[in-house]
Amino acid sequence: MNTKTSERLLDVRDLTVEIDTRRGPAVVVDGIDLYVNKGETLGVVGESGCGKSLTMLSLMRLLPNKIKVTKGRRISTAATCRRCRMAICARCAAAISASSSRIR
């Protein structure tokens, strides 16, 4: 798909997230690049503990105090987000319910 950068709603480059620990900072998300174009949906999947939740929480600026973005650029504008009605939504699921919206 040939998409112009001007149609991008979200463009993240080299995202790095660290947690402050007693032994010093620990890198938990290391150099992620991603983008979402107008009309697209982004789904993030992966193994338990691989950084999915911290990546999405960092994009929503909802990280707890001891966790911080230490590197990277998030390129998006409030006007672009409002105009396209963009929303970032995170849904964390337990392993037992990951394949279904409801547990039977």
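Q: In this predicted model, which residue meets the side chain of Asp-20 in a salt bridge?
A: The model is a prediction, and its side-chain geometry places an N and an O atom of this pair 3.7 Å apart. A salt bridge requires a Lys or Arg nitrogen within 4 Å of an Asp or Glu carboxyl oxygen, so a separation of 3.7 Å qualifies. The partner of Asp-20 is Lys-68.

Q: How many residues apart in sequence are the parts that Asp-20 and Lys-68 tie together?
A: Asp-20 belongs to strand E1, whereas Lys-68 belongs to strand E3. Their pairing therefore ties together parts whose separation in sequence is 48 residues.

Q: Are Asp-20 and Lys-68 buried or partly exposed?
A: Buried means under 20% relative accessible area and exposed means over 50%, with partly exposed in between. Asp-20 has a relative accessible area of 33%, and Lys-68 has 37%. Both values lie in the intermediate range, so each residue counts as partly exposed.

Q: Which residue forms a salt bridge with Lys-71, and in which strand does that residue lie?
A: The side chain of Lys-71 meets that of Asp-14 at 3.2 Å, N to O. Lys-71 lies in strand E3 (residues 67-75), so its pairing with Asp-14 ties together parts that are 57 residues apart in sequence. Lys-71 is partly exposed at 47% relative accessibility, and Asp-14 is partly exposed at 29%. The partner is Asp-14, in strand E1 (residues 8-21).

Q: How many salt bridges does a search of the whole structure find?
A: The search of the whole structure finds three.

Q: What is the bridge partner of Val-12 in E2?
A: Strand E1 and strand E2 (residues 24-37) run antiparallel and are joined by 11 bridges. A hairpin of two residues connects E1 to E2. Within this pairing, the partner of Val-12 is Leu-34.

Q: Which backbone nitrogen does the side chain of Thr-16 reach?
A: Thr-16 is placed in strand E1 and is buried, at 6% relative accessibility. Leaving aside residues up to four places away in sequence, Thr-16 touches several residues, including Val-27, Val-29, Val-69 and Thr-70. Its side chain comes to 3.4 Å from the backbone nitrogen of Gly-31.

Q: Which pattern does the protein chain follow along the sequence?
A: The protein chain contains two helices and three strands. Read along the sequence, these elements give the pattern β-β-α-β-α.

Q: What percentage of the contacts with a separation of 6 or more is between residues 24 or more positions apart?
A: The protein chain has 104 residues, of which 22% count as buried. It exposes about 8,100 Å², with carbon and sulfur atoms supplying 50% of that area. Among contacts in the protein chain with a separation of 6 or more, the share from residues 24 or more positions apart is 57%.

Definitions and conventions
Residues are numbered from 1 along each chain as its sequence is written. This is a predicted model: local features need pLDDT of at least 70, side-chain atom pairs count only at pLDDT 80 or more; totals for chains, interfaces and linings use all residues. Side-chain values use heavy atoms; hydrogens and water are left out. Helices (H or I, at least four residues) and strands (E, at least two) are DSSP runs, numbered from the N terminus. Buried means under 20% relative accessible area, exposed over 50%, partly exposed in between (1.4 Å probe, protein chains only). Two strands pair if DSSP finds at least two bridges between them. A polar contact is a pair of N or O atoms within 3.5 Å; within protein, one must be able to donate a hydrogen and the other to accept it, and residues adjacent in sequence count only if both atoms are side-chain atoms. Contact means heavy atoms within 4.5 Å. Accessible areas come from the Shrake-Rupley method with a 1.4 Å probe; for residues, only the protein chains shown count as cover.
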